[in-house]
Amino acid sequence: MTLTEESFQGAPPPPSEVAKADMDHTGEKEDALLQPVTRTGAVAPGKQAVGRLVMHSMAMFGREFCYAVEAAFVTPVLLSVGLPKNLYSLVWLISPVLGFVLQPVVGSASDHCTCSWGRRRPYILGLGIVMLLGMTLYLNGDEMISAFIGERDKRRTWAIVVTMLGVVLFDFAADFIDGPIKAYLFDVCSHEDKEKGLHYHALFTGLGGALGYLTGAMDWGQTALGYSLASEFQVIFFFAALVFLICLTIHLRSIPEVPLRYENEETKFLLEVTESYKYSSIEEENKNGCLKSTSTEIKAAPKPGKCAVTSRTEVQRRMTLKSLLNTLSSMPSHYRYLCVSHLLGWMAFLSNMLFFTDFMGQVVYKGSPYAPHNSTLYLTYKTGVEMGCWGLCINAISSSVYSYLQKILLPYIGLKGLYFIGYLLFGLGTGLIGLFPNVYSTLALCSFFGIMSSTLYTVPFHLIAEYHKEEESLKLQGGEQAGEHERGKGIDCAALTCMVQLAQIILGVGLGLLVSVAGSAVTVISASMVALVGCCFVAFCVRYV
């Protein structure tokens, strides 16, 4: 209904027309909220309610809960199926190698996904299903194989294969899913809500880890559920799968995504190929209804009045993994420095966490995992490992508390202060633990692990959001639309997440050799040294907006 001058001067419109106008107006508002994003003009995300952000963070709760279960049970599971020691490094290396190679591919693919459900949620759902499949295989693989194979040697071999496959699938998907979750948050939230969302992510990550460690520490064998199921591993699987399914469902229904729409298929094709070669956004202009690309990778001698377009077959031949890796190598310098600092942080954090329970058993409690199982040395080692699990629980709780304190500290010390303090406290804490191994001081200093964990999960992604906000502001000042020529956030989040896999690869190759030569004490000393180097890098090399 259109109001004219006569409408105001004459009688009021009939009620039916008023109702129709209200319905039309409401429909227009809903259409505006769900308006598809095009590559020539993005819809600015609106403000999200706190409840929506909490629902969005539930994915991190479920993921970390399952991670804690894996940390507590994967070694006993592998030992119980008889995995040879020379295959341990293979189990821990396959997943990060796959993640490091494929993470940028999926990040770039999600940037261009045109699914009506959104760009990120289809990938999050797929990776969640892979996580559940992996957890099913490594916690239930022995019982599954025993039900089908009776021959002992053959059953043992297949149990090892299935369990290893489950561990690899779970680690791969659990590491992989973090990138799409962060990109999903950045897509649907305003800048202020991105800050809140990252803090909620860190908060629920800590809570999920704490609850997962507590679940693993309980003796379920003496409960009614333990008697009804075949083993304690199946009880743990029941709780972990239930928690993860509930959290994943809540997450996927938290905030509607705006689907990506291209003006035409040729535009989509050219943008996908060009961005796979050129990290910075392509320069394009619409002239005579066609797209003109200034990228040197896609060019041909144009005919008068026509666009320059390379043949589709030739360009598809060039779309290889090598071109995507070239994309990462051509990142702006401040993105590369942020990735290096993230790599140093995760190397320090993982070198401490992967061997912490063993450090508690061998160095702090003076036990031995190689002694006979009925000896005092072995029982002392087991006590130390259990105390190490409580230390990891303290780490998870302190991560949640610090993620809340970050919001209070941010206006006073900024992102640089938060980043610097996280690395510094972790470096000092692990150094003191290595130099003065004591039960009570070690447990107290475990709270510094949580500060580092919260820092790694929030500050680098916060900086990515700041970089994108700055780029959008510069484009607006230059007269461009905010979404025009915008580089995808998925590839940036994927590049950061790749550093976690790269850290695992480096540690899997080098740290195991150091531990076999010098013992578990070298892990915390190495973590301290790398963290302090990262502290200097964060202070002098990382760019802050």
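Student: In this model, is Tyr 381 buried or exposed, and at what relative accessibility?

Tutor: The model is predicted. Buried means under 20% relative accessible area. Tyr 381 falls under that cut-off, so Tyr 381 counts as buried, at a relative accessibility of 12%.

Student: Which kind of aromatic pair do Tyr 378 and Tyr 381 form?

Tutor: Both residues are in helix α16 (residues 376-435). They are three residues apart there, so about one helical turn separates them. Tyr 378 also counts as buried, at 17% relative accessibility. The ring centres are 6.5 Å apart with 35° between the planes, and the pair is tilted.

Student: How many residues apart are Tyr 335 and Tyr 467, the pair that links distant parts of the chain?

Tutor: Among the 13 aromatic pairs, Tyr 335 and Tyr 467 form one that is edge-to-face, at 5.1 Å centre to centre and 65° between the planes. Tyr 335 belongs to helix α14 (residues 333-353) and Tyr 467 to helix α17 (residues 439-477).

Student: Are Tyr 335 and Tyr 467 buried or exposed?

Tutor: The cut-off for buried is under 20% relative accessible area. Tyr 335 is at 1%. Tyr 467 is at 0%. Therefore both count as buried.

Student: Which ring does the charged end of Lys 182 sit over?

Tutor: Two lysines can be described this way. Lys 407 lies over the face of Tyr 200, 5.1 Å from the ring centre. For Lys 182, the distance to the ring centre is 4.8 Å, and the ring is that of Phe 461.

Student: How many disulfides does the count come to?

Tutor: Buried cysteines are present. Cys 189 has a relative accessible area of 1%, and Cys 535 has 4%. Even so, by the distance rule the number of disulfides is zero.

Student: Which residues does Leu 203 touch beyond its sequence neighbours?

Tutor: Leu 203 lies in helix α8 (residues 191-217). Its relative accessible area is 23%, so Leu 203 is partly exposed. Ala 396 is 193 residues away in sequence, yet the C-alpha to C-alpha distance to Leu 203 is 9.3 Å. Leaving out residues up to four places away in sequence, Leu 203 touches Ser 400 and Ser 403.

Student: Where is confidence lowest, and where is it highest?

Tutor: The protein has a mean pLDDT of 76, with 73% of its residues at 70 or more. Strand β1 (residues 284-287) has the lowest confidence, at a mean of 37. The highest, at 91, is in helix α10 (residues 232-252).

Student: How many contacts beyond four places in sequence does the model have for residues 266-321?

Tutor: The pLDDT stays under 50 over this stretch. Where pLDDT is low, the predicted coordinates should not be read in detail. With that caution, the number of contacts for residues 266-321 is 75.

Technical notes
Residues numbered from 1 in each chain as written. Predicted model: local features only at pLDDT ≥ 70, side-chain atom pairs only at ≥ 80, totals over all residues. Heavy atoms only, no water. Helix = DSSP H or I, 4+ residues; strand = E, 2+ residues; numbered from the N terminus. Buried < 20%, exposed > 50% of the residue type's maximum accessible area, 1.4 Å probe, protein only. Contact = heavy atoms within 4.5 Å. Disulfide = S-S within 2.5 Å. Phe/Tyr/Trp six-rings, centres within 6.5 Å; stacked < 30°, edge-to-face > 60°. Lys NZ or Arg CZ within 6 Å of the ring centre and 35° of its normal. pLDDT = per-residue confidence, 0-100.
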